[in-house]
Amino acid sequence: MVPVVYHPDYLSYNFGPEHPFSPLRLEMLWTLLEALDCRPHVLCPPVASRADVLRVHTETYVARVEAASQGEPLPDAEAFGLGTPDVPIFLGMDHAARTLVGGTLHAARLLTTGKATTLLQLGGGFHHAHPNRASGFCIYNDLSIAIRVLTEAGLRVAYIDIDVHHGDGVQAIHYHEDTVLTISLHESGQYLFPGTGFIDEIGEGRGQGFSLNVPLQPFTDDASYLETFERVVPHALVMFRPDVLVIQCGADAHFKDPLADLLLTTRAYEQLFRRLKALAAEHTGSRALFTLGGGYDFDATTRIWALLYLILQDLPLPDRLPPDWRVAWEQRLGCPLTPTLHDPSEPLSVSPARRHQIAQQNVQTAQRLMDMISYYWY
Amino acid sequence: MLIRDVMHYPVETVAPQATLAEAYRIMQQKGFRHLPVVEAGRLVGIVTDRDLRLATSALHPHPFPPEARVADVMQRRVITAAPHDPIEEAARLMRRQRIGCLPVLEGEVLIGMVTATDLLEALLRLTGADQPSGRLEVQLAHLPGRLAALATAIAAQQVNVLSILSYAESPQWLRVVLRVDTNRTHPLAEALRREGFDVIWPPRKPWFPSSTIPTT
């Protein structure tokens, strides 16, 4: 059984009813796992300390978050990305963010002591948080804080980010390090937030060659995504020889996601999760830390993360979802939900000619990236 | 944005008595293509890698030897810029004169250099792509007040604009590309469409709105 790290206080990370990063997604997932009668064995993590947060973030920034968290007026909030449409201020935000950091950190510590191999943190994945700035719904960078703990224990970390947005915060924090390989697959920054993650961002100094970016075309579909993944990720792991994988499993590359433009279905996610699990078995003796991430269509996100959970636990995939669970949430959300675990049909797609063009462009991106980066590897 | 904001300094220079071999070595070591020539604190010329290559080429009727002086091959008529000129002035000069760099003078003193690469860097900054941001592309009727209406509609969504680029696509239509400080460009685009704006990017999704923010 893969241990699951979770705390009910994760739900306190709440930017308000109008904000897409809603704790309802976690609540839906949790109740779905209960309804499927496969509720996980849960490890309850301690809240991360201020000192833990300072492993990655600056004192000035943390002091701003703490002040905002207590409702103190902050004239320079926006310079730190706080009080913006993406990261509005809410009371207790410092504690809420540290609670989620605590989960990822707890999982990392269990990995360093060898008490667990594969772990699933049912939350976290705040890959946009920068040392001195909140951004893109992220306050504290739980991933990088956990990665620091792993590298301090002498482990080489390969970070894989399948969220549809570029993992800019994690990349920036480890940009000069040769013990952390960051790989991000995302919709191209030419079109999507945060506007970075191009193939020439390969790291600097000792870190040169240890930062990989795969910017994908808008409307990339299952086949092209999986092909591009295969052209990059396995080779990078062979080269890097990691001791542990940290994997950010954002669910927002799904075609229903309201914020982005890729066209993945749940079938691609099933394959992707199976592949990531196999890659961990092959390269790190299954030492891997999976976290959640973005994903703003409630219906798709819940089903994708349920898939992640079921696959990690080697449980059979049910065809249909429990009707009681579905009806209860349909009433609560006021919208229909998919009755099956997988998407029932193919998404509306672009024309076959355009599809072909997109796939070709992605192949070319992967080729150019590998040409450029292999110079630094061999 | 002014030239002093994008120029680089301190500047590597060479004396007119220096040999071509010395100038060549400086360019090779530092990775430059342009060397200003300075004598007694005054800019007296400029020498480029192209000047050196042409002057010493075997194809030249009387090729210069490596010991020849920089003063013999340098360009004496130097086109310069002032630090407080806007960068578009640098771009205009470099394009019209077909040159790759401009020494920046404050009075008689050489204080910096602007190259084509610096201007590309400035272009990136102008597009706002150096900060975490989303991209929005809107087509506006090319009439007074339309841009103001767009800015007002964006402000009504509490979104901050990091940069605006615009160009007239035709006499009737103005294409505007904005970088905005939000991840949520799709909902922003929908709000603008409801106000009647023709949003080109991000595109409308046929299944929008999906199950996202609950209504209750």
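Author: Buried means under 20% relative accessible area, exposed means over 50%, and partly exposed is in between. At 24% relative accessibility, A:K277 therefore counts as partly exposed. Keep in mind that this is a predicted model.

Reader: OK, and which residue does A:K277 form a salt bridge with?

Author: A:K277 pairs with A:D314, and the closest N and O atoms are 2.6 Å apart. The two come from distant parts of the chain, 37 residues apart: A:K277 is in helix α8 of chain A (residues 266-284), while A:D314 is in the loop between α9 and α10 of chain A.

Reader: Is A:D314 buried or exposed?

Author: A:D314 counts as exposed, at 62% relative accessibility.

Reader: Which residue does A:D178 form a salt bridge with?

Author: That would be A:R206, with the closest N and O atoms 3.5 Å apart. A:D178 lies in the loop between α6 and β5 of chain A and A:R206 in the loop between β5 and β6 of chain A, so the pair ties together parts that are 28 residues apart in sequence. A:D178 is partly exposed, with a relative accessible area of 23%, whereas A:R206 is exposed, at 62%.

Reader: Which residues are linked in a network of salt bridges?

Author: A:K256, A:D297, A:D299, A:R303 and A:D343 are linked that way.

Reader: Switching to rings. How many aromatic pairs are there over all chains?

Author: The count comes to 17. Take A:F21 and A:F126: their ring centres are 5.6 Å apart and the planes are at 40°, so that pair is tilted.

Reader: Why tilted?

Author: Planes under 30 degrees apart count as stacked and over 60 as edge-to-face, so an angle of 40° falls in the rest, which is tilted.

Reader: Where do A:F21 and A:F126 lie in chain A?

Author: A:F21 is in the loop between β1 and α1 of chain A, and A:F126 is in the loop between β3 and α5 of chain A, so the pair ties together parts 105 residues apart in sequence. Both A:F21 and A:F126 are buried. They also belong to one aromatic cluster with A:Y13, A:F15, A:F90, A:F137 and A:Y296.

Reader: Which charged end sits over the ring of A:F21?

Author: The one of A:R25, 4.3 Å from the ring centre. Likewise, the charged end of A:R156 sits over the ring of A:F240, 4.2 Å from its centre.

Reader: Now chain B. Which residues make the nonpolar surface patch?

Author: B:M1, B:L120, B:L123, B:L126 and B:L165 make a patch of about 420 Å². Helix α6 of chain B (residues 116-126) gives the most, with three residues. B:L123 lies in that helix and is partly exposed, with a relative accessible area of 46%.

Reader: What's the average pLDDT for chain B?

Author: Chain B averages 91, and 94% of the residues score at least 70. For the complex, the predictor gives an ipTM of 0.83 and a pTM of 0.88.

Technical notes: Residues numbered from 1 in each chain as written. Chains lettered and ligands numbered in written order. Predicted model: local features only at pLDDT ≥ 70, side-chain atom pairs only at ≥ 80, totals over all residues. Heavy atoms only, no water. Phe/Tyr/Trp six-rings, centres within 6.5 Å; stacked < 30°, edge-to-face > 60°. Helix = DSSP H or I, 4+ residues; strand = E, 2+ residues; numbered from the N terminus. Buried < 20%, exposed > 50% of the residue type's maximum accessible area, 1.4 Å probe, protein only. Lys NZ or Arg CZ within 6 Å of the ring centre and 35° of its normal. Patch = residues over 30% accessible without salt bridge, like charges linked within 9 Å, V, L, I, M, F, W, Y side chains within 5 Å. Areas by Shrake-Rupley, 256 points an atom, 1.4 Å probe, with all protein chains shown as cover. Salt bridge = Lys/Arg side-chain N within 4 Å of Asp/Glu carboxyl O. pLDDT = per-residue confidence, 0-100.
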